Amino acid sequence: PFAAPAMSSLFLGVVKMRVFAGGKASDPPTDVEFVAVPSTPPVVRNVAPSSGVNNGGESGVPPVVVSIKLQNMYTVASPGTVSFVVTLPGSQEGSVTVGADTSFSTIAQTDLTFTLPQFSDGGTANVMFFVAGREHLNQTFPFTVLDNRRSELSYAFPQTGKAGGVTTTVEVEVSRFGTQADGVTPTALSDVVVTTDVGVSAATASLQGFRILSDGSTAVLDIAVSRSQASALAMTVTVKLCAINQLCAKRTATFPFTFRDPAATFVLYYNPLQTFVDGQIPMVVQVENLPTACNASDLVVSVGPNNASSVTLIRGAATLGGIDATLELVIPGVSTPVTVSPRLLIPKLGLSVSMGADLTYIQAPNPIINQLTGVFPKSASLLTETFVQLEVQSFAGVTATSDIVVEFRWPCPAATCSTPTVIKPTVQSFTRKDPTAYPTAIQDITITIRTPVLSLSLESSAVRIITYHAQKNQRQATYNNFNMKDPTSPVVSGMTTDESFVGTDEIKVRASASTEVSALVTNAKSAIVGIVVADVSYDIATSIYDAAARQAYAVWSQPSDTGSLLSVNPQGAYVYGQTRYEANCGSGCTTSCCGDGACPLCTCSHSCFTLQYYDDLQPFVTFNTALEGPEIGGTQILVTVARLPSVASVSELSVIFDGAYYAETFLQSSSDEETRLQIYTPAVEMDNLPTRLVSVEIVVTARPDRSVSLDPGFLYRAVDPVVSNVAPTTGKSTGGVPVTVTILYFPVGAIGFDFDSTRLLDDSVTVSENTVQRTIVTFSTPESLPGIKTVRVFPKSNPFSDKAKTFDFVVEDASQIALRAPIPVESMHQPLPGSTGRLFVSNYPAYETTATIRWVGTGAAGVDVSVSPAIAVSGGIATMEYQRPTASALGTAIATLTVRPTDPAIAAIVADKMVQWAYKFYDGG
């Protein structure tokens, strides 16, 4: 460390610094940048967290420590020089000034922390900060102060229900409803007051039960709402905890609830609520009370200026006003982003029904071809057909190869032509990366093309590949430098350096010092006589030619970046070179033509190559694990970085995804030679894309000039939750069976279950793990009829989202029928005409059944007769009345009662129930 000399404003910028010792000087010089003392307020780059409770630091409540990352701030000498003025409008405290707790400051970036002061209320606070002596360069940012004694509604579901005497139970979660520290946790129903803004004659709302979650503060309440009149009504329900009167106003939450006409056609929900302007993806609409007489052809779903297509009607159970129904349709496209209000129209009945929420169309993305991995192979011959695969992200929906256009564009040097030559190869086939994706949805695809035979009508060149949808030619994906080669021309096919870098016709060379480079040329007709890089000729140290193999080899020394190319492009400076086999190439021949892909002004035989100067003093990644994972984050990346400035703690660096998302990072080791990090990816917004490649930058706070990026970035994949395991998959009809469900990639938060359309209460659901990667939840089955039941698990924050998942659960009949006294054990073998008997059966199934009683004789009694009794069931006991059987002889028999379900779905999984008893036929004479 040393003190740089003060510089006047005339010397702002980069200067060269050399160290002299013993008559020698360091070479190359080191760049030192002098910047002006900031004359404008600092820039707030990040605030974390952006909200916190108002009573942090009280007993049992941790203090709220806020971290701020700043740029363009005068270097902070110590935390004591910084002041934070926190102003909360409407609070008793008004403004409170606190100092910084910690500071880490460099010219490039400053990190500060402070502890949020306590307030009596909550709201949006304005935080102003400044350094002592530079108060005029203050900066502000907002901070949300959460009143830890004021309740907040987390969710209320459902928020609509039928009028006409139907009771709807609304599950309501309220955070900060009660705290043990305040002694106001509700213990009895009478502690909670539920009211509405309409009279009791119009609607009622009452508390049926509540549960306090493990945090001791969050309450889940079950509120029953009902309206006797069969007409629509909107109301607001208020829940108050009034165990302590002075806190009643704060321990309050409200939610809206709408009663709907029980016979009116109503759209319960639809999904999705957002799509690209292309449209052409499926939508599911759930409708209540659809008129029975309607067919799919009678239904019109209006989506803004257009109507949906391919409407399919799936009929459900009968209702008071018709039927429950599910509509499946295809969303139409629009020309520009817009938000519309869809409606369900039934023209023949004059009905127009709002579908509730708006549908948002967003701009469709441009397709992308990854420049590193998106094309294989990366070259083809001009003389033969070659199959080439293009991996294209976010391509518009295709149904046939004719929807896909691929162009090869030859470069067009300005001196020789005005428009590029365009060749369209044959599109052979395409496959969807996700075979389950809807065909016309924007998605990732693999396109297979067949290159044309050009018979040297065009020269060897690096061509540009462009592909687009035939109907959407403004959205194009581009791949640069696909090599169309003349297999008879000399070509650089291998390069190496003294740093052990290898390449084909492109290689990295040091910027700080010279690099020994070797090049191998195939199809060479003579030895290499010249090496020219950036129009500068270099001496050849070694030149070898093998005439039999037609291979030429040359070695030369490439000097350092004397032209400071890296200062223009710090990410890497590219220069073009030629291996020449003749001395005279013409005065118009320049190596820059290699960047264009064609050199028509070069009259000599030559081959092109590319050198990339890189900052060999800059950190670089030597190892990383896979750079691909789900959108929800949580993927572990192990990274080793060489030459990264050493850090003592992970707080001294940041790992930033997509320029905005800070990753959770753990420091494994750090030295001047090597730093090892364990990174967990943050969740990102996918913007409706199936995949998204984002940048990943590792930045040491004290040395942002020595940042390093993971190449090519991290590829996020949109994921759909997957039910990976259900155990057990069967249970008895009596209920109470614990079922454990494992779901991958399920949203973090409150979880709900529908069991055969019955909402399960929270006390029957236990969550043992809920992370971005895996959720493990156990629910207890309710009592139900036997059959295959559909179980739906959903995030309560968005119950009808596409993240909800379903699976089947088989309910087995748990009951075993038994005979009740009096049991008929004998009868005359020749009964009187019309004579009947009765049989009483307990534990009788609740589902519809048929029954048969059969008598089969034993010993000498030749009896085999069956009757079908009439059945009446009440309270689980069946009364069966039957015609007494006629037997051909006296003696004993075995009577068998067989009961079987009439519903084929139940019969498929429930075995016949049987009971037997001894019977005797006697002589009635």
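User: Where does T448 lie?
Analyst: In this predicted model, T448 lies in strand β40, which covers residues 443-450.

User: Is T448 buried or exposed?
Analyst: T448 counts as buried, because its relative accessibility is 14% and the cut-off for buried is under 20%.

User: Which residues does T448 touch?
Analyst: Leaving out residues up to four places away in sequence, T448 touches F387, V388 and Q389, and also T426, V427, Q428 and S429.

User: Let us move to A893. Which strand is A893 found in?
Analyst: A893 is found in strand β80, residues 891-901. A893 is buried, since its relative accessible area is 2%.

User: And what does A893 touch?
Analyst: The contacts of A893 are V856, G857 and T858, together with W917, A918, Y919 and F921; residues up to four places away in sequence are not counted.

User: New topic: cavities. How many cavities of 30 Å³ or more does a search of the whole structure find?
Analyst: The search finds 3 cavities of that kind. The largest cavity holds about 90 Å³ of space.

User: Which residues line the largest cavity?
Analyst: The lining consists of P38, T40, P42, N72, M73, Y74, F130, V131, R134 and L137. By type, these residues divide into 7 nonpolar, 2 polar and 1 charged.

User: What is the volume of the second largest cavity?
Analyst: The second largest cavity has a volume of about 40 Å³. P365, P367, S394, F395, A396, H469, K472 and R475 line this cavity, and they divide into 4 nonpolar, 2 polar and 2 charged residues.

User: What is phi of S310?
Analyst: Phi of S310 is near 55°, a positive value in a residue other than glycine. S310 is found in strand β27. S310 counts as exposed because its relative accessibility is 53%, and the cut-off for exposed is over 50%.

User: How many residues does the largest nonpolar core have?
Analyst: The largest nonpolar core has 34 residues, and M283, V285, L290, L299, L359 and Y361 are those with the most contacts inside it. Several strands each supply at least two residues of this core, among them β22 (266-271), β24 (282-290), β27 (309-319) and β28 (322-330).

User: What does L299 touch?
Analyst: L299 touches L290, C294, V311, L313, L327, L345 and I346, with residues up to four places away in sequence not counted.

User: Which peptide bonds are cis?
Analyst: One of them is the bond from A48 to P49, with omega near -5°. P49 has its place in the loop between β5 (43-48) and β6 (51-53). The bond from N271 to P272 is also cis, with omega near 5°, and P272 is placed in the loop between β22 and β23 (274-276).

User: Now the aromatic rings. How many aromatic pairs are there?
Analyst: The count comes to 18 aromatic pairs. One of these pairs is formed by F657 and F714; it is edge-to-face, with 6.0 Å centre to centre and 70° between the planes. This pair links distant parts of the chain: F657 is in strand β56 (residues 653-657) and F714 is in strand β63 (residues 714-717), 57 residues apart.

User: Are F657 and F714 buried or exposed?
Analyst: F657 is buried, because its relative accessible area is 0%. F714 also counts as buried, at 0% relative accessibility.

User: What about F755 and F779?
Analyst: F755 and F779 form a tilted aromatic pair, 6.3 Å centre to centre and with 55° between the planes. This pair, too, links distant parts of the chain, with F755 in strand β67 (residues 751-755) and F779 in strand β70 (residues 774-780), 24 residues apart. Both F755 and F779 are buried.

User: Which residues do ring pairs link into a cluster?
Analyst: Ring pairs link F84, F114, F129 and F141 into a cluster.

Conventions. Residues numbered from 1 in each chain as written. Predicted model: local features only at pLDDT ≥ 70, side-chain atom pairs only at ≥ 80, totals over all residues. Heavy atoms only, no water. 1 Å grid on protein atoms, 1.4 Å probe; cavity = no way out; pocket = protein on both sides within 12 Å on 5 of 7 lines; lining within 4 Å. Points joined across faces, edges and corners; volume = space filled by probe spheres on them. Nonpolar A, V, L, I, M, F, W, Y, C, P; charged D, E, K, R; others polar. Core = buried A, V, L, I, M, F, W, Y, C linked by side-chain atoms within 4.5 Å. Buried < 20%, exposed > 50% of the residue type's maximum accessible area, 1.4 Å probe, protein only. Helix = DSSP H or I, 4+ residues; strand = E, 2+ residues; numbered from the N terminus. Contact = heavy atoms within 4.5 Å. Phe/Tyr/Trp six-rings, centres within 6.5 Å; stacked < 30°, edge-to-face > 60°.
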